[in-house]
Amino acid sequence: MNTVTQRYNDVMARIEVAARKSGRDAADITLVAVSKTFAAGDVEPVLELGHRVFGENRVQEAHGKWPALKQAHSDTRLHLIGPLQTNKAREAVALFDAIETLDREKLARILAKEIQSAGRSPELFVQVNTGNEPQKAGIGPEQADAFLKACTAIYDLTITGMMCIPPFDQDPVPHFSMLAEIAARHGLAKLSMGMSGDFETAIEHGATHVRVGSAIFGSRG
Ligand SMILES: *Cc1c(COP(=O)(O)O)cnc(C)c1O
């Protein structure tokens with residue numbers, strides 16, 4: 001029987017091995033446990049293990065699930081990993097501790113305004129659509145440099161990292177490398193890349209944050 005505890009411990013052990021393999025310290029890698037589609041009752045065992053960093057892809061769903069869980073575990077850090085509509089920006093700024101999906105100027109402008117009026121600043125990652133996939137969110141790789149500059153210079157936002165979701169059917173390595181190169185050019189230390197199927201590879205290519213859902217919580221059906 002595979003329990004969530006066993007799966008969680010297995011993912012942590014695999015992170016440790018991947019870190020060691022690339023001469024890194026596993027303490028420098030944050031596991032973002034992606035709890036989307038799972039109920040609060042499924043998340044609780046992972047909180048009880050002491051885990052505190054979680055990812056959700058929808059503001060509405062997170063809003064129904066997390067306020068009570070966060071109240072019970074105030075050191076929880078919640079990451080938004082799904083596309084953010086500007087009309088949900090206020091709610092996202094209030095609920096999330098990191099927004100990993102900043103990818104366009106309109107959103108930068110509205111986030112800047114909401115951060116100022118809320119007096120609360122979630123950490124911000126810029127999402128890059130490294131595969132230039134038309135259906136996927138993220139700033140195009142050719143626009144990433146200008147967009148990062150605009151975030152800082154025009155909107156006065158503090159960006160701490162970058163995020164990507166490589167095309168599902170391709171070798172993720174060139175995508176991980178591209179993200180790492182863009183981040184390095186801008187002195188950004190955090191790289192959110194790697195999911196259940198490729199987090200060890202992502203760690204070997206510099207990931208500081210891996211977003212792992214099904215390998216911990218089981219199949220989303
Ligand atoms: C769902 C999701 C994940 C986790 O995917 P798994 O394959 O279940 O680990 C990671 N990142 C994003 C952006 C997601 O939407």
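Author: Happy to. First, a definition: on a 1 Å grid over the protein atoms alone, a pocket is an open set of points with protein on both sides within 12 Å along at least five of seven lines. A molecule sits in one if more than half of its atoms lie within 2 Å of its grid points. Here, the space taken by the ligand is the largest pocket.

This is a predicted model, where local features need pLDDT of at least 70, side-chain atom pairs count only at pLDDT 80 or more, and totals for chains, interfaces and linings use all residues. Residues are numbered from 1 along each chain as its sequence is written, and side-chain values use heavy atoms, with hydrogens and water left out.

Residues around the ligand (a heavy atom within 4 Å) include Val34, Ile81, Met163 and Ser196. The shell divides into 6 nonpolar, 3 polar and 3 charged residues, with Gly counted as polar.

Now the polar contacts (N or O pairs within 3.5 Å). The side chain of Lys36 has an N or O atom 2.7 Å from a ligand oxygen, and the side chain of Arg211 has one 2.9 Å from a ligand nitrogen. At Gly213, a polar backbone atom lies 2.8 Å from a ligand oxygen. The protein covers 89% of the 390 Å² of accessible area the ligand has on its own (Shrake-Rupley, 1.4 Å probe).

How values were computed. A polar contact is a pair of N or O atoms within 3.5 Å; within protein, one must be able to donate a hydrogen and the other to accept it, and residues adjacent in sequence count only if both atoms are side-chain atoms. On a 1 Å grid over the protein atoms alone, a cavity is a set of points where a 1.4 Å probe fits but cannot get out, and a pocket is an open set with protein on both sides within 12 Å along at least five of seven lines; lining residues have an atom within 4 Å of a point.
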